[in-house]
Each structure stands twice: as structure tokens, then as C-alpha cells.
Amino acid sequence: MSLLYDLYQPGDSWLHRLDPRVKFIFVLCASLLLLLMRSLWVMLIALVGAQLILLSGGISWRRIGWVWRMTLPTMVLIAVLWVIFYPGEGQALLSWRFLRITPYNIAEGLAVALRIGALAFILFIWLFSTSQSALIRGLVALGLPYTWGLTLAMALRYLPTMAGIFQLISDAQRARALELDQGNPLRRARAHLPIVVAMLITALRTAQNLSLALASRAFGAQRKRTHLHPLHFRPLDGLLLAGILLATAALLWARLALGLGQEPL
Amino acid sequence: MAVIRIEDFFYAYPPLLPEGQPIEVLHGVNLSVERGEFLAIMGPTGVGKTTLCLSMNGLVPQATGGVARGHVVVLGHDTRTTPVAELATRVGIVYQDPESQLFCPTVEEEVAFGPENLGLDPAEIAERVSWALQVVGMEAYRQRSPSHLSGGQKQRLAIAASLAMLPKVLILDEPTAGLDPVGQAEVFGVIERLCRERRMTIVMVSQDAERIARFADRLAIMWQGRIVRVDAPPRIFTDQAFLEEVGLAAPQVSELAVALNRRWGTGYRFTLLEEAEEALRRDLRGGQISS
């Protein structure tokens, strides 16, 4: 199955055992700090740190490579465009018409690009090491209504199913001479119309059957559901959470009061 | 004692368009199912078999809306007035399409979903999950994703998910439709065990005449929104004229009996392969028929 549909890598590392709520709060705090800071060095440290966390958590090189393949083109594009369209301060290394390349805008472009990579990797620390159900349970424990959590879980569950149905309908329509890859983009989009209609009908039927299946398994019987594997907040989770919150508060103060990480270089 | 009692049950689905007419499906169904009985339901497509199944756990009319008259009483509870969530602890249902009834990321979570909804203690949920998976022979697949299972395994999992609610009645709506022979055998193996070892009351819609002849205590035939006949499977499967009238096929071995009777003027009425084998061996040895 594609990684896109099945992000979780089963395991029993410290990262896997960590409470999903702690991981989620870490993602929020780290993202906030990364968005507030502009320093190339901070971004570099965050990116390297995220790799180390992933590797120490037993996440495979294959998955890490997958994230790199997904983010690297965007990172390169952002770095290049930034340097071209945002004239930098200070002495120019190259100046030609509107183009003005300086060490400052190169550092700024690199910092923005690395920030995208760091944000992605920090998010994937959570997604690669947390099973879908633990992820939802964590969010529900943090206050998300269970029905929302269930909806999210089902959306993730049915992604590959719907992709399979799309492929099936496309193949069936192709077998009846429907040309999906011919002509301009508008023509191609119109050619997909019969598939979209069939997909919609299938999705509606699946949703109806699903609602019957949910009802017949006592969904909504109790206001408070229980869980086969309830979340256990261990002392280590508490310690890590306190560390994350303290570090975030300290870095926030340093950023806002002392201007830490304010400049790209 | 009747566990399920259906009296003059009429049902029409709500119209598809606001100004349309209700879609009548069931026209006065009468049926009763005894405790520990395995009742099979057969009938052509579109006669209301699924609707009848849904009426037994209250989804029709509580979830579907529409117009209902008459009574469907399961274990003393009128399914039109008892909440579906409450009925779910008494009546388990397995649908035809496994894809739309399995929605959890792992097998064990799928089975735990129902007990979790009841707010049970995690230890009891774990006990029920283990028991239900053991009954259907799926303990080894606990951590597997349901989407990675075969069709037969998916239906066994759907049965386990129902069993975890500890229902007294299990309703199966064509659970083997679309499965390969191995998958069909797996599902029927579980159903047979539930009948033989646990004496569970089972109502199953199926078109598998061979297996109905083998396992079912009684067979109900649905035709045009009504139950037109309830009888022992051998009596129905040897009534060729009736089967032709309602558009159903008998087990192949019963059709063989009809062909032999036509050819040799014999009076065979077998519905199982073993019965046919025994009768034909006996008559070949005795010289009543010749090869």
C-alpha cells in the first residue's frame, strides 16, 4: 500500500511509546517556534534534530527518504525564487537589472526553504510513530469531539478504498473507449466526468451502508465511550511534556525579548 | 419459544423526490423464528430480503424513515420503538459488503468498536475481543489492517464484530455473495460452529442452495415483498414446480434427482450429495437402476 495512505510505521521505540498527546503538543510548539524564527542556523538545527528523532525512534530510511522526495523540490523552488524576487541587503555578490543576490537573501531563502522541510519532518515525527487510532484517541483526549475524530479516521481508512474504486471505474470506462489522456486539460477534465459521477454514487452508497453498520454496532449508545487500549500518561510523558513546554516558553521569551533567531544569519 | 415474531409487517421506503410516492417493499410479512434455530431466507433480487433483515434490528424504519405497519418483535422488544443501540446488544447483523462495515485501522479495534460504544470496562472489552476472534478463528490477525484481509476473512471479522456485542440473534444478509469458494467455505464454517456449538439463533439470507440444504433448519421463500413459504429445505428444494414459479434454483444434486426421476421414473428426493450417493449406490447394487 502507498505510504500516502499508511503513514504509521509499527514499532516499539521510545517514540512509539510516547503518549500521542505529548507528540501532538511537541508538533504544535515546534511549529510555532519555527514560524516565529528566521535564522538559518535554527532551521538547520531543527531539520537535523528532526532526522535524529526519527532515526532514534526506529523510523526507516525509506520513510525519511519519502519525506525528502516530497519536500525537496518545494524547498529548492522556494530557495531559488526567494533569492530572485527578494533583493537582499548589504553588499551584492551579483547585481543585474532587478536581480540582486547578497549573502543575506541567500541565507534568508535557505532559511525559508529549510523551515518548510523542518515543519514537514516535525509533523511526520507524529504521523510515522502514532497509529491512526492512537492519533485520534490523542486528539479526542485533547478535546476534539469523538464524532470528528471518527470522521477523520474513516476518511483516512477509505482513502485507499476510494482510490481503488476510482481506478476500477477508470479501467471500466477505458474498456468502453473513454479517452482520459487525450486532448487539452479541459477536455481531459470533461472526460473524467462519468468517472466522477460514478464515484459520487459509490461514495454515497458506501456512506449509507457505513451509517447502518455504525448504528448496528451501538454507535452513540453512551455519551462516554471507553477504549480497548486507553491512553496511559506515564511519568516519562509528563517529564517530556514539561521539558517541551519549558523549552518552548524559554525560546519564545528569547525570541521576543532578546531577538534570538530574528535574523537569517 | 419464538425469538423473532413478525406479524403483518408492511414497509415502504420514503420517496426519492419530495413529490414522489413511497417505495413499497414489504407487503405484510409474517414469520416466526424459534430460539436456536437456523432460518435461511431465499428469494430473487429486489423482493425485500435486505429490508426484512434491517427491520429485525430496528434500522428499518428507525434509520431509514418511511412508512411501517405491523410488528417486528425480537426477544420481546418491538424493533420500531426500541432504540437501535439497545437492540444492537441483542441482534447482531452482518451485511453483504464487507468493505462498508469494516472501518477501523486494525482487526482488534474493529471487534472492540461495538463494546467500546457500550462504555464497557477495557478488561471486559479485551475479553470479548479475544473470545469473538477465537470463535471465528482470527486471533492471529489481531494487528492486521482489515483492508489487507481476504473477502472470507473480512466477513469472518464482520461476524466477530457482531459477536462481541454478545447478541442472542445473528442476522446475515448474503454474507458469502461475491466471495470465492474458499471464502464461502470459511464463512459457512463459522456459521456452522455458531449453530452447532452455541445454538445461536441465526437468520441468513443466501442464494447458496447447497449449503442451505446442509445447514438450515427451515427455509423461508420471499416473493414480491412477502414470505410465501416456510418449510424444511428438502421439502422446498424437491418441489420443482414451486421453485420455477418463484425463480429459484435448487441444489444441483436435487436437480439431478429430478432428471433421474424423469429418466427412470424413480422417486428420488435428495438434497445433499451424501444422500444422493447413498441412494444411487443402493439402487445400483439392487438393480433398480442400471449404469
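Axes, as the word is used for helices here, are lines fitted to C-alpha atoms over the stretch in contact, and the angle between two of them runs from 0 to 180 degrees between N-to-C directions. The model described with these terms is predicted.

In chain A, helix H7 (residues 146-175) packs with helix H9 (residues 193-215): their axes come within 10 Å and cross at roughly 140°. An angle over 145 would count as roughly antiparallel, and 65 to 115 as roughly perpendicular; H7(A) is therefore oblique to H9(A). The crossing of H7(A) past H9(A) is right-handed.

The contact can be followed along both helices. H7(A) contributes A:Leu150, A:Met154, A:Tyr158, A:Met162, A:Ile165, A:Phe166, A:Ile169, A:Ser170 and A:Gln173. From H9(A), the residues that meet them are A:Pro194, A:Ile195, A:Ala198, A:Met199, A:Thr202, A:Ala203, A:Thr206, A:Leu210 and A:Leu214. By class, this contact has 14 nonpolar residues, four polar ones and no charged ones.

Chain B also has a helix pair to examine. The axes of helix H4 (residues 107-117) and helix H5 (residues 122-135) of chain B come within 9 Å, with a crossing angle of roughly 125°. That angle makes H4(B) oblique to H5(B), and the crossing is right-handed. On the H4(B) side stand B:Val107, B:Glu108, B:Val111, B:Ala112, B:Pro115 and B:Glu116. They meet B:Ile125, B:Arg128, B:Val129, B:Ala132 and B:Leu133 of H5(B). Here the residues divide into eight nonpolar, no polar and three charged.

Next comes the sheet of chain B. Strands of a sheet pair through backbone hydrogen bonds, either parallel or antiparallel. In chain B, six strands form an open sheet with mixed pairing, in the order S6-S7-S8-S3-S9-S10. Strand S6 (91-94) and strand S10 (226-231) of chain B each have a single partner strand, so each stands at an edge with one side left without a neighbour in the sheet. On average, neighbouring strands of this sheet are turned by 20° against each other, direction ignored.

Within that order, strand S3 (residues 38-42) and strand S8 (residues 201-205) of chain B run parallel and are joined by four bridges. One residue pair to look for is B:Leu39 with its bridge partner in S8(B), B:Val203.

A helix accompanies the S6 end of the sheet. Helix H6 (residues 151-163) of chain B lies across S6 and strand S7 (169-173) of chain B. Relative to S6(B), H6 runs at about 165°.

Key. Residues are numbered from 1 along each chain as its sequence is written. Chains are lettered from A and ligands numbered from 1 in the order in which they are written. This is a predicted model: local features need pLDDT of at least 70, side-chain atom pairs count only at pLDDT 80 or more; totals for chains, interfaces and linings use all residues. Side-chain values use heavy atoms; hydrogens and water are left out. Two strands pair if DSSP finds at least two bridges between them. Helices (H or I, at least four residues) and strands (E, at least two) are DSSP runs, numbered from the N terminus. Contact means heavy atoms within 4.5 Å. Angles under 35 degrees count as roughly parallel, over 145 as roughly antiparallel, 65 to 115 as roughly perpendicular and the rest as oblique. A crossing is left-handed if the near helix is turned anticlockwise from the far one by less than a right angle, and right-handed if clockwise. Ala, Val, Leu, Ile, Met, Phe, Trp, Tyr, Cys and Pro count as nonpolar, Asp, Glu, Lys and Arg as charged, and the others, Gly among them, as polar.
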